[in-house]
Amino acid sequence: MKEKSIRKLEKLRRKHEKKKEVYRLLQKHASDILKSENFKSTRNYIQHGSIPVHTHCIDVAGKSVAISRFLGISCSERELIRGALLHDYFLYDWHDRNRENYQMLHGFYHPGIALRNADREYELTLREKDIIKKHMWPLTIVPPLCREAWIVTTADKYCSLLETLRLHQGAGRARVRIRVSE
């Protein structure tokens, strides 16, 4: 029994260390995004199930880093993280049928909207633009061009599936808020 408890505690410790590493990387590469009032406003919009867009984007960034490292895919972690955080930067509640310009086909249109919003607020690299614009492939007919976009596309599908099936265990309302140094 004691050995089982020790294994469980060790597993929790490793999980905690991984989360701390993701938060460190988010601060290092994307503190400007995390400080943005527009990015903070994504806490007010639900993405899948009961998960806020804000939580979803942070989870996709973390899962993207995990996929890249697990598979040994060499890429720009900075662009990977920034693109993942901004991939759903559409800044509205896509479930609201009373919203002006409501689109039933949100999945087809929101990558372009997210890209326009992100491009207005940040100086984006070509890779970051590719990540944001193509993350809904194959709905966005043209496939991603860079490995960072492929990784974020994969991480987004994985996180979305867990959220939609309500199997999401990472964040939700219990997520520890990221402290942004002013």
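Let us begin with L25, which is buried at a relative accessible area of 3%; buried here means under 20% relative accessible area, calculated with a 1.4 Å probe on protein chains only, while exposed means over 50% and partly exposed lies in between. The model is a predicted one, in which local features need pLDDT of at least 70, side-chain atom pairs count only at pLDDT 80 or more, and totals for chains, interfaces and linings use all residues. Residues are numbered from 1 along each chain as its sequence is written, and side-chain values use heavy atoms, with hydrogens and water left out.

L25 lies in helix α1; helices (H or I, at least four residues) and strands (E, at least two) are DSSP runs, numbered from the N terminus. Leaving aside residues up to four places away in sequence, L25 touches A30, V65, R69, E77 and I81, where contact means heavy atoms within 4.5 Å. V65 is 40 residues from L25 in sequence, with a C-alpha to C-alpha distance of 9.2 Å.

Turning to the helix itself, α1 covers residues 2-35 and has a kink of about 85° centred on H29. The bend at a residue is the angle between axes fitted to the seven residues ending there and the seven starting there. H29 is also among the buried residues of α1, as are V22, Y23 and L26. The cover over these buried residues includes α2 (37-41), α3 (53-71) and α4 (77-86).

Finally, the whole protein. Seven helices and two strands are present, in the order α-α-β-β-α-α-α-α-α. Of the 182 residues, 45% are buried.
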